[in-house]
Every structure is written in structure tokens, then in C-alpha cells.
Amino acid sequence: MLEKLIHQPKFVFLFDALGALLTSTLIGGLLVAYQSYIGLPFTWLYILASIAAVFTVYSSLCATLVKKNWKPFLQIIITANALYACLTTTLIILYQKEMTSLGLAYFIGEIFVLMGVIWLETKTLKTCN
């Protein structure tokens, strides 16, 4: 299944959009509601959720509108996802004393998932013409 997915950029964009929607919903809804169990300040939770919401819109638009020359659009989301992972890593380091074990586990898990998404997107970028 993965081999078929990497040969269809449209589905890679949809996959990214669904992941970003899940992230935005989890952070903006659940993590904000239980911020005291997470430890990251509300402001950063809202910022991370907002960034993920923008990624949702971007990847959704790419999946529906981009028919040709999709590589630059895929490169943009790869870079954006990598920067989001770097921002999340930076926040973990800066707020490590305030963050709870649950918060650390969530965000470290999110970074690992993002690494997988970036790998998939990069493989698609290199594989397809």
C-alpha cells in the first residue's frame, strides 16, 4: 500500500491534510482543555494548533487544485513540517521543567509521526515525475 501511496502525490497531500487536521483538533481542543496536564502554556498550544490548521488548508488545497507541477508544493509542505518539528522540539527544550510527562510524551510522539510523514513526502518527491 505504501508503494502505491508514494506514487500518488494527491493522496500524500490528503494524508498530510488529515494528519494536520488531527493535530490541530487534538492540540486546539483536547490539549488546551487539559493544559494543566500538559504543561505547555496556552499561547503555544494555540499557536501550534493554528499552524496545523494552516497546514490542513494548504495540503487540502494542493490535493484538490494542483494537477501538474506539484513538486514545489510538496517541497513547501516538507519544509513546513520540518520547521514545525523544529519548533516543537525547541518548545520541549524551553519548557521541559513546566511540561508534564504526558505533555512530553504527546509532543515527542508528534515529532516521530512528523518524521514519518516527512519521510513519506520526501520519498514521493524523489519517486514521482
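Let's start with the largest pocket, which has a volume of about 340 Å³. A pocket here, on a 1 Å grid over the protein atoms alone, is an open set of points where a 1.4 Å probe fits, with protein on both sides within 12 Å along at least five of seven lines; the volume is the space filled by probe spheres set on those points, joined across faces, edges and corners. Lining residues have an atom within 4 Å of a point. There are 17 of them, and the closest to the centre are G19, A20, T23, V113 and L114.

A word on where this comes from: it is a predicted model, so local features need pLDDT of at least 70 and side-chain atom pairs pLDDT 80 or more, while totals for chains, interfaces and linings use all residues. Residues are numbered from 1 along each chain as its sequence is written, and side-chain values use heavy atoms, leaving out hydrogens and water.

Which elements give two or more residues to that lining? They are α2, α3 (42–65), α4 and α5, helices being DSSP runs of H or I, at least four residues, numbered from the N terminus. The largest share, 8 residues, comes from α2. By type, the lining has 12 nonpolar, 3 polar and 2 charged residues, where Ala, Val, Leu, Ile, Met, Phe, Trp, Tyr, Cys and Pro count as nonpolar, Asp, Glu, Lys and Arg as charged, and the others, Gly among them, as polar.

Now, how do these helices pack? Take α2 (residues 9–33) and α5 (residues 101–127): their axes come within 10 Å and cross at roughly 165 degrees. Axes are lines fitted to C-alpha atoms over the stretch in contact, with angles from 0 to 180 degrees between N-to-C directions. That makes α2 roughly antiparallel to α5, a word used for angles over 145 degrees. Their crossing is left-handed, with the near helix turned anticlockwise from the far one by less than a right angle.

Next, α4 (residues 71–94) packs on α5 at about 160 degrees, axes 10 Å apart. So α4 is roughly antiparallel to α5, and this crossing is left-handed. L114 of α5 takes part in the contact, meaning heavy atoms within 4.5 Å.

Finally, α3 and α4: their axes come within 11 Å and cross at roughly 170 degrees, and the two are therefore roughly antiparallel. That contact includes W44 and F55 of α3 and F73 and Y84 of α4. Its residues divide into 14 nonpolar, 3 polar and no charged.

How values were computed:
Angles under 35 degrees count as roughly parallel, over 145 as roughly antiparallel, 65 to 115 as roughly perpendicular and the rest as oblique.
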